[in-house]
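Student: I have a model open and want to go through a few of its features. Can you take my questions as they come?

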Amino acid sequence: MPPIRQLPQSLINKIAAGEVIERPASVVKELVENAVDAGARRIDVAVRGGGSELVRVVDDGCGIPADQLPLAVASHATSKLADAEDLFRVATLGFRGEALASIAEVSRLVIRSRTPDGPGGAEIEARGGQLGEVAPCASPVGTSVEVYQLFFNMPVRRKFLRTPQTEFGHVSEAFTRIALAWPQTHFSLRHNDRQLFELTPCRQWLERIACLFGRELADALIPVESVSDQLRLFGYVARPTHSRSNNRMQYLFLNGRHIRDRALQHALQEAYRGLLMAGRCPIAFLHLEMPPELADVNVHPTKFEVRFQDAGRIYSQLLSALRGKFLTTDLTVRARPAPVEDAGGGHDPARAEQLRQQLVDWAKGKVASWENQPQGESGAFGSQRPGPGETGQPLELTRLRATRAPVAEPRPPSDQGLTQVSQAPLERPAPALQIHNRYLVAESHEGITIIDQHALHERILYEQLRERVLGGIVETQSLLVPEPVDLGPREAAVALEHRELLAQLGMKIEPFGGDTVLVAGYPAMLANINPVEVLHDLLGRLLSGDKPPQRRDLLDELLHTIACKAAIKAGDRLTPEEINALLQQRRLIDDSHHCPHGRPTELVFTREELDRQFGRL
Ligand code: ADP
Ligand code: MG
């Protein structure tokens, strides 16, 4: 083995840099945090090329005296800690004195700064860790930091950077987290030549939330507050009508620092138990304020995770605060028209109801009437008809109709809500009982099978729709008067970026200025589903993850939504023909045993098991 050698300082710095600076978003986070620590009232962030070409953060904070510029860029140099004790009561966002040194190591860094009482501005430049001289320059009071060509001297890292669009997504998220935490500070964010955010100072946290995520969401938030001797917890959580498919919309702040904490996320989820569908995550904006010495923020290089002295207590305080709030809040979902329709314009409730009924009929296979409809452009709320490429074809996706009418006459439903379908000698499906208007009980050669009617139908619809959609046939229902939808700036940007993809899904959107987009058309299959909700879900998918999701995944998500909403519900009384048809369809699909969400569609009780239970074995 070669002899052990002390690593040169620049290599040590590079290794350390890798820990703190992972991608352009890390640079933005560190620089903006420094600006906040400097007491800035206004912080402007501009990036180019997703941040790998340039990140510039300008603040009007306290500035750095010219003679301290070289120190600011030196590693382990900070003005925020004086002694070891300070480490355990950190009140600033930074304290490790590593960020600027790390950035300087892996980029070309230019700092210009001026203090309020300084004679003038001064600048310093570092390139790949090589420090230049301090030189006078013109500068307003405050600091401007420019970071060019991140990782130019670490080709491997640079290669790992994703597309500018993806990197900018991370930048924007980093920015959002800090801007959320400091509503009284003015923030702006530009990407290339586009201004994404201009956030004026606000007194109310809710205003900042609305600026970042849209008014619609802000209006659905419920305030929460809970104070104990050690912890003040306050903020907003969303009504159960608003949820997401992942937990990215759970913003937690500890003393102004954005944190992720599994236990607290769990408490949140727990508080919504029974209020949200399986797989949905609550939306929350919560501040935790406690004496700094009760939490250790020095457990992670990017200070993302923290360690609480009394995690159990915080967990239960959050849980009981939310539970208590929900108990005293009217969370009932009022039947109201979908927001898209709310906005007035082309909405006709009678027509919508008719469409809804058509969809139900279609879902149940009663679509014969559509076969005779004329072809042509589909107008606003026009008749639903087969899309291009399948002219004249009936929608044969979901025939719940039996291929042959049952031979035996069904008996009238009994008072107990029990529909009995008597044995039809020539019908293949076994006789089935509908119980409680939600389960079908059928005899099978093994024993008896209990089927969840909704889950099974959902699976059948999903499979059949998928085949159709993968074939490239999604019908769009055009709106005569396009409906404006308020989005958050990030959602709006991503929506417009993915217009084509959304159009392939039948969702037609157009820019309307600001963060508003127009929904000009939506998938015809969604007639009874709120398109705005679906749009939010799809945008949420587009915003999450490193890579934009594949068209296939998005389709899949949309299909789940449609299948679930269009399927017969638990509680729907089925006619004997429908029961038979459902049982027949069940045999035509590959996995009829699970609904698309993975829940079972049926349970089997074997004869053996029954015999055993009755003491026959
Ligand atoms: P830390 O924030 O952990 O102290 P940094 O490397 O981020 O470490 O910054 C080093 C020092 O440079 C800070 O402690 C602070 O004194 C100074 N500094 C950095 N950015 C700014 C800024 N925007 N305004 C004023 N001072 C700054
Ligand atoms: Mg710092």
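Student: How close do the axes of α6 and α7 come, and at what angle do they cross?
Tutor: In this predicted model, the axes of helix α6 (residues 164-181) and helix α7 (residues 205-213) come within 9 Å and cross at roughly 160°. Angles over 145 degrees count as roughly antiparallel, so α6 is roughly antiparallel to α7.

Student: Right-handed or left-handed crossing?
Tutor: Right-handed, for α6 passing α7.

Student: Which residues meet there?
Tutor: From α6, Thr-176, Ala-179 and Leu-180. They meet Trp-205, Arg-208, Ile-209, Leu-212 and Phe-213 of α7. By class, the residues of this contact are six nonpolar, one polar and one charged.

Student: Switching to backbone. What is phi of Gln-149?
Tutor: It is near 50°, a positive value, and the residue is not glycine. Gln-149 sits in the loop between β7 (142-148) and α5 (155-160).

Student: What about confidence, what does pLDDT average over the chain?
Tutor: The average is 79, and 78% of the residues score at least 70.

Student: Where does pLDDT stay under 50?
Tutor: Residues 333-348 are one such stretch, with 18 contacts beyond four places in sequence. Residues 362-430 also stay under 50, and the model has 143 such contacts for them.

Technical notes:
Residues are numbered from 1 along each chain as its sequence is written. Chains are lettered from A and ligands numbered from 1 in the order in which they are written. This is a predicted model: local features need pLDDT of at least 70, side-chain atom pairs count only at pLDDT 80 or more; totals for chains, interfaces and linings use all residues. Side-chain values use heavy atoms; hydrogens and water are left out. pLDDT is the predictor's confidence in each residue, from 0 to 100. Contact means heavy atoms within 4.5 Å. Axes are lines fitted to C-alpha atoms, for helices over the stretch in contact, and angles run from 0 to 180 degrees between N-to-C directions. Helices (H or I, at least four residues) and strands (E, at least two) are DSSP runs, numbered from the N terminus. Angles under 35 degrees count as roughly parallel, over 145 as roughly antiparallel, 65 to 115 as roughly perpendicular and the rest as oblique. A crossing is left-handed if the near helix is turned anticlockwise from the far one by less than a right angle, and right-handed if clockwise. Ala, Val, Leu, Ile, Met, Phe, Trp, Tyr, Cys and Pro count as nonpolar, Asp, Glu, Lys and Arg as charged, and the others, Gly among them, as polar.
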